Amino acid sequence: MRNGNSPFLLAVLGVALTARAAHAQPAPRIEVTEATVADLQRAMTTGKASSVDITKAYLARIAAYDHAGPQLNAIIRVNPRALQEAAARDAERKAGKVRGPLHGIPVLMKDNFDTGDMPTTAGSLALANSQPARDAEVVRRVREAGAVLIAKANMHELAAGITSVSAFGGQTRNPYDLTRCPGGSSGGTGAAVAASYAAIGWGSDTCGSIRIPSAFGSLFGLRPSTGVVSRSGVVPLSHTQDTGGPLTRSVADLAIAMDLTAGYDSADAATQPMQSRTMRFQAALDVNALKGARIGVFTPYFRDTDAEIADTVRAAIEVMKQRGATVVDVAVADFDSLIVRTSANEFKYDFINYMKTVPNAPVKSLREILDRGLYDKFQEPRYVAADTVSGPDTPDHQDVVARQAVLRARIEAIFDSLQLDAMVYPTIRQRPVLIGEAQPGSTCQVAAQSGLPAISMPAGFLQDGLPVGIELLGRRFADVRLVALASSYEAAAPRRRAPTTTPALIAGRAPRPTVKTLTVTDAGTVVQARLELDAVRNELRWQARVVAGAPNVSALVFRRRGGRVFTSVATAKVPAQRLVVPDSAQRVVARLLGPEMRTASGTLTLTYADRSALAAGTFTLALYTAKNRQTEIAVR
């Protein structure tokens, strides 16, 4: 990077420091951005910071970035007693009582996990004041382990979708690109953990709702085998397919979360198998777990895949081979017919049964939500369809359950015949869509509808800066082995990086925009541009004016240099074609002034390519005059 000490360039990377911000307020005692549970425990053990200090630091990030700054809108409500809970954990530590690795650690829950001291809305306006009688089993376990519940996260309304928009919580944004969706339905949890609002977040997965936000947030997210984690006290979508699980920035943190929450719960019959099983995730972490492992590349989920995503996933698979894994292709010729009619539509009656557990329930059924219009407009087709189901014991439903059993048996037979430890494929085959669009490309079905465990892991990033997820599917109740393989993969070369829109705070506040003025001159023509770079919002705000020689100005533009590879979509007759644009290529990013214009102002939303060019010194301000002359200076 040229001129690496330039504050303007540093702001592009989200680490700008200004004298004014440095004296805004006392700096927090600890920096929590990207911190692991081990980092935070070390700080508390050594006295560097208390649980109260850590909780304040996370609350400051939520205040700076959720409804301010980039406005991620990942949080539905902050726990008003979070600091009180943290103080209680500090008092216990001082008295010599440390409950475990999550003691004093702030965590968050998707807002479909019941909390006895806060409403549980599941993103529904109909449940805005719905107050459960007690904590969900997962929440109870996490709190008993000494964790501080800092907030409840936004989600796709009633978990019925994967773009994370809800009537009560609004639209959550992707911190890697604020114009795009974060995945769902646990998109609030995914965006919040990616942005370091807490150490760990919990979500629920009916079909991809943990794994897709993990892929779009450069996170690790586990959908456990059905029955490993209790669903008691979680607003349901499908009792056949629902399960809860953690989203984290590291495998070690995921293992801590699973050790606390995996186990039998008498209130959830699906957990019966856990009465005779013990799972120890932290003890199984092994950087050499991939050595000798057999991994099957599940080729049906590479069809209709964005070419750049497929390339990124295949590169990650090569890493597994380098770590000692044997990789074989798994082609299932009849997969399309095998997977059809395996998705259970149980929401109508599951929701009725859940609302019976809520004291003074504000609504009793999906029909009531529809009749009262208490839903986001995008949900109407799905809710209407769900409400037409005639009953949970119909022949249609029994056929779905039977087909799920066939799917599970077939996948398990493939595991056995090829002696596989896991199968691998893209977590999702298409990049995050723009807000308001429908998200295609999910590969959630094979795990969700077979009940097998699956973990999404960071595979890398696309040229436009969007994260890519790679998913491992495991044998039933082989969740520990799956997490061990993930730990070996992570150790090879960490592929996560933090979003630039939520950088470390400066004295407890978001970095302020960086301002500078550039002057372009050419043979008596003088043009000035005042630039204000807001790295948190991904915005470059500008004001341009002609100081002298106005008749000679043809145009003032932003340009950037940089190569790119474009890949066309393959068809049955034409294979995918690639066009390579060289690094020396220039393109116009935006026009500021044109003929007969003396002043203008505007805001440019920066793409990842724009930010990269700014950081590299290849983003320029170019003046074109009536004499066909060009003068160009770098925006530094």
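## Salt bridges in the whole structure

A salt bridge is a side-chain nitrogen of Lys or Arg within 4 Å of a carboxyl oxygen of Asp or Glu. A search of the whole structure returns 38 of them. The structure is a predicted model, in which local features need pLDDT of at least 70, side-chain atom pairs count only at pLDDT 80 or more, and totals for chains, interfaces and linings use all residues. Residues are numbered from 1 along each chain as its sequence is written, and side-chain values use heavy atoms, with hydrogens and water left out.

Helices (H or I, at least four residues) and strands (E, at least two) are DSSP runs, numbered from the N terminus. A residue is called buried under 20% relative accessible area, exposed over 50%, and partly exposed in between (1.4 Å probe, protein chains only).

## Selected salt bridges

Arg496 forms a salt bridge with Glu34, and the closest N and O atoms are 2.6 Å apart. Arg496 lies in the loop between α18 (479–492) and β14, while Glu34 lies in the loop between α2 (19–22) and α3 (37–46), so the pair ties together parts that are 462 residues apart in sequence. Arg496 is buried, with a relative accessible area of 15%, whereas Glu34 is partly exposed at 28%.

A salt bridge also joins the side chains of Asp306 and Arg431 (3.0 Å, N to O). This pair links distant parts of the chain, 125 residues apart: Asp306 is in the loop between β9 (294–298) and α11 (307–322), and Arg431 is in the loop between β11 (422–426) and α17 (445–448). Asp306 counts as buried at 16% relative accessibility, and Arg431 is buried with a relative accessible area of 18%.

Within helix α6 (residues 137–144), Arg141 and Glu137 are four residues apart, which separates them by about one helical turn. Their side chains meet in a salt bridge (2.8 Å, N to O). Arg141 is buried, with a relative accessible area of 17%, and Glu137 is buried, with 12%.

## Helix α5

Helix α5 (residues 82–94) has 13 residues and reaches 18 Å from its first C-alpha to its last, close to the 18 Å expected at 1.5 Å a residue. The expected span is 1.5 Å times one less than the number of residues. The buried residues of α5 are Ala82, Glu85, Ala86, Arg89, Asp90, Glu92 and Arg93. Seen down the axis of α5, they fall within an arc of 160°, so they line one face of the helix; the arc is that of the directions from the helix axis to the C-beta atoms.

These buried residues pack against α3, α4 (51–65), α6 and β3 (148–153), where contact means heavy atoms within 4.5 Å. The face turned away from the buried side carries the exposed residues Gln84 and Lys94. Just after α5, Gly96 takes a positive phi of about 95°.

In helix α15 (residues 380–387), Tyr383, Ala386 and Asp387 are buried. Seen down the axis of α15, the buried residues fall within an arc of 95°, so they line one face of this helix. The elements that cover them include α13 (347–355) and α14 (366–372).

The loop between α13 and α14 contains Pro362, which is partly exposed at a relative accessible area of 33%. The C-alpha atoms of Pro362 and Leu127 are separated by 6.4 Å, although the two residues are 235 residues apart along the chain. Leaving aside neighbours within four places in sequence, Pro362 is in contact with Ala126, Leu127, Ser130, Met355, Glu368 and Arg372.

## Strands and their pairing

Two strands pair if DSSP finds at least two bridges between them. An open sheet of four strands has the order β14-β15-β16-β21, and its pairing is antiparallel. β14 (514–522) and β21 (599–605) stand at the edges, each with a single partner strand, so one side of each is left without a neighbour in the sheet.

Strand β15 (residues 525–534) is joined to the antiparallel strand β16 (residues 539–548) by nine bridges. Glu532 stands opposite Arg541 in β16. Both residues belong to a network of salt bridges that links Arg530, Glu532, Asp534, Arg537, Glu539 and Arg541.

Elsewhere, strands β22 (residues 619–625) and β23 (residues 630–634) pair in the antiparallel sense over five bridges. Ala622 stands opposite Glu632 in β23. The two strands form a hairpin with four residues between them, and Asn628 in the turn has a positive phi of about 60°.
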